[in-house]
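Walk through this structure one region at a time. Keep the 3D view open and follow the residues as they are named.

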Amino acid sequence: MSESAVTRKAAAGTAPRTYWTRKRREQLAGWLFIAPEVIGMLVIAVFPLLFSLVLSLTEWNLVGGLSAIHFVGLDNFIELFKDNRFLLALKNNVLFTIGTVPVTMVLGVVLSALIHKKLYAKTFFKVAFFVPYICSTVAIAAVWQALYHPSKGPVNQILMQLGLSDPPRWLVDTSFSLIAIMIIYVWQLLGYQIIIFLAGMTNIPEELYEAATIDGASGIGQFRRITLPLLGPTTFFLAITSTISSFKIFDMIKFLTNGGPNYSSTVIVYQIYEEGFERFKMGYASAMSWVLFLIILLVTSITWITQNRKVHY
Amino acid sequence: MTMRKFKPGNLLFTILFALVSVFFLMPLVWMLSAASKTEKEVWTFPIQWIPNDWNIIANFKAVWMGDVAFGLFYMNSLKIALISTVATIVISAMAGYALGKLDFKGRTLIFTLMLAFMMIPEQATLVPRYIMIKELGLYDSHAALILMGMFSSYFTFLLRQFMVGIHNDMLEAAELDGAGFFRIFWSVVLPLSRPILATVGIIKFIWTWNDYQGPLIMLNSTRLYTIPLGMQFFKEEFGTQISVMMMASVAAILPLLVLFLLLQKQVIDGIAIGGVKG
């Protein structure tokens, strides 16, 4: 590293010591250490984000080469909001968030409160619930695809056993494909929620519970009056991150349904993939990317603003 | 945690909960069971959890010695995950040290920008990154995936948070002994950060191993495929042979599962730190 060379030279007195003061050396070191990360972020995040803004104002089929770029202004964005597939993707994303985020959060907080307060072998339960989160989404999707088999799969066999003569055909059913994926998603994500909630609960001072016990508060009362309110910041964190990640869902959809049947399980990222990498409409796909980015920015800002007002640390 | 008094009620809860978690893990148990059966027995109902007709060896051969180069996909995944993990650790640790322990002009600005970068979703920049990789002539290469996976503002943030907590006395002592900033980083800061480095390393490795979207977009040649992409390929070739698909799923999951079970504390703590401080 050039930095250490500079240091050694300075120490040996061969470089003008008066120029390479400690302060100057620290400045240089700071910039050298941060440089790779900053350059990397500019190359893989900042530049692409701006580049995609420019692209979103153009019509460009990648196959035609750089000379085939046409500037079209806001046409892509206008077209987007007339495009039924995109509107369906947007609607599906919203339904997906509404159907998964509250469920995982409620289940997560209840299960982790039980694990935290009532159970022996906590580590075992943490690990057990976390296992699906570690597993490759694609491998898990392959398993669920078999479980969901319309006639022979265990899910429907059990439903038929329970007296449901005409169970849903899950992934191949237009009214159930999205729900089928939501179920897998909740199953995979629950462990993550439990880990974060448990971490939040460990930060709540034990004395509060002791005092409440002396005052005769029941377990459920303690959960409502102590655990839930003091978990405010954790809950907010999970609400933001879960909403954002539910808008990024892609792997399961690509592997299981390709957005189908009949676009019933399509989502924004899947549409970006289809327009950009299957139809090579780079401008149009970039316009979608920017809508996705703006939605995520909006979610983050709204939750930040409400958080500053409502939650007390 | 202080030990609480033994309560029979809690023991009952624990047993009840153990049943719940078994039910929760049922899909994975089904996968293991199906991977060791004949195709016919996979679909028998009620589910035959322990196979009558063991078929592990044939399924194993179909995955590993069949027409699909599963072993090659494995090596590709291992190569990409290892290189990206090491590179991320080095780059993020350097940045974390600079942001946490060095005083330089623009540090606050860069730190704020770093936090802002975390809000840029990878999925929103897929198209331009693909075009960049094409223009650089890196399309359909592992280098493309490694380059895209080396930088992480999230891990930089985690490492920075840890390194801020290292006492300055230790760094000053090293400086008095004549160590430069690079030397301090290498011989003082890195060894003291071992636990968080391990955590970052494992989490990054797991994420890269499981990544599907990156390879899907950046790779074309079958010989370069990683496991998740190979699974898709497998599905197209053997979609109807569920027992073989399940054996392939086991193969995709097992190494990470073993790694996770061995190092579960690092993984869980790492995820928890990200969540509580994030």
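**Loops, rings and helix packing**

F280(A) is found in the loop between α13 and α14 of chain A. The model is a predicted one. Look at the backbone of F280(A): its phi is near 55°, a positive value in a residue other than glycine. Most residues other than glycine have a negative phi, and most peptide bonds are trans. F280(A) is partly exposed, with a relative accessible area of 26%.

Step back to the loop between α12 and α13 of chain A. N262(A) sits in that loop. N262(A) is not a glycine, yet its phi is positive, at about 50°. With a relative accessible area of 66%, N262(A) is exposed. The loop also holds P261(A), between α12 (251-256) and α13 (268-278). The peptide bond that joins G260(A) and P261(A) is cis, with omega at about -10°.

Now move on to helix α14 of chain A, which spans residues 282-310. W290(A) and F293(A) both lie in this helix, 3 residues apart, about one turn. An α-helix has 3.6 residues a turn, so residues three or four places apart point the same way. How do the two side chains stand to each other? Across all chains, the count of aromatic pairs comes to 44. In the pair of W290(A) and F293(A), the ring centres are 5.1 Å apart and the planes stand at 75°, so the pair is edge-to-face. The cut-off for edge-to-face is over 60 degrees. W290(A) is buried, at a relative accessible area of 12%. F293(A) is buried too, at 7%.

Two lysines sit over rings. In chain A, the charged end of K117(A) is over the ring of Y209(A), 3.7 Å from its centre. In chain B, K134(B) lies over the face of Y139(B), 4.6 Å from the ring centre.

Next, helix packing. Take helix α5 (residues 122-134) and helix α8 (residues 177-202), both of chain A. Their axes are 6 Å apart, and the helices pack at an angle of about 135°. α5(A) and α8(A) are therefore oblique to each other. The crossing of α5(A) and α8(A) is left-handed. Which residues meet here? From α5(A) come K126(A), F129(A), F130(A), P132(A) and Y133(A). From α8(A) come W187(A), Q188(A), L189(A), G191(A), Y192(A), I194(A), I195(A) and L198(A).

Helix α6 (residues 137-147) of chain A packs with helix α15 (residues 242-262) of chain B, at an angle of about 150° and with axes 9 Å apart. α6(A) and α15(B) are therefore roughly antiparallel to each other. Their crossing is left-handed. On the α6(A) side, the contact is made by A139(A), A142(A), V143(A) and A146(A). On the α15(B) side, I242(B), M245(B), M246(B), S249(B), A252(B) and I253(B) take part.

Stay with chain B. Is helix α2 (residues 26-35) mostly covered or mostly uncovered? It is mostly covered, with 7 of its 10 residues buried. Those buried residues are P27(B), L28(B), W30(B), M31(B), S33(B), A34(B) and A35(B).

Go on to T85(B), in helix α5 (residues 70-101) of chain B. T85(B) counts as buried, at 8% relative accessibility. What does T85(B) touch, leaving aside its neighbours within four places in sequence? It is in contact with G201(B), K204(B) and F205(B).

Finish at L158(B), in helix α9 (residues 153-164) of chain B. L158(B) counts as buried, at 4% relative accessibility. How many residues apart in sequence are L158(B) and K79(B)? The separation is 79 residues in sequence and 25 Å in space, C-alpha to C-alpha.

Conventions. Residues are numbered from 1 along each chain as its sequence is written. Chains are lettered from A and ligands numbered from 1 in the order in which they are written. This is a predicted model: local features need pLDDT of at least 70, side-chain atom pairs count only at pLDDT 80 or more; totals for chains, interfaces and linings use all residues. Side-chain values use heavy atoms; hydrogens and water are left out. Rings of Phe, Tyr and Trp (its six-membered ring) pair if their centres lie within 6.5 Å; planes under 30 degrees apart count as stacked, over 60 as edge-to-face and the rest as tilted. Helices (H or I, at least four residues) and strands (E, at least two) are DSSP runs, numbered from the N terminus. Buried means under 20% relative accessible area, exposed over 50%, partly exposed in between (1.4 Å probe, protein chains only). A charge sits over a ring if NZ of Lys or CZ of Arg is within 6 Å of the ring centre and within 35 degrees of the ring normal. Axes are lines fitted to C-alpha atoms, for helices over the stretch in contact, and angles run from 0 to 180 degrees between N-to-C directions. Angles under 35 degrees count as roughly parallel, over 145 as roughly antiparallel, 65 to 115 as roughly perpendicular and the rest as oblique. A crossing is left-handed if the near helix is turned anticlockwise from the far one by less than a right angle, and right-handed if clockwise. Contact means heavy atoms within 4.5 Å.
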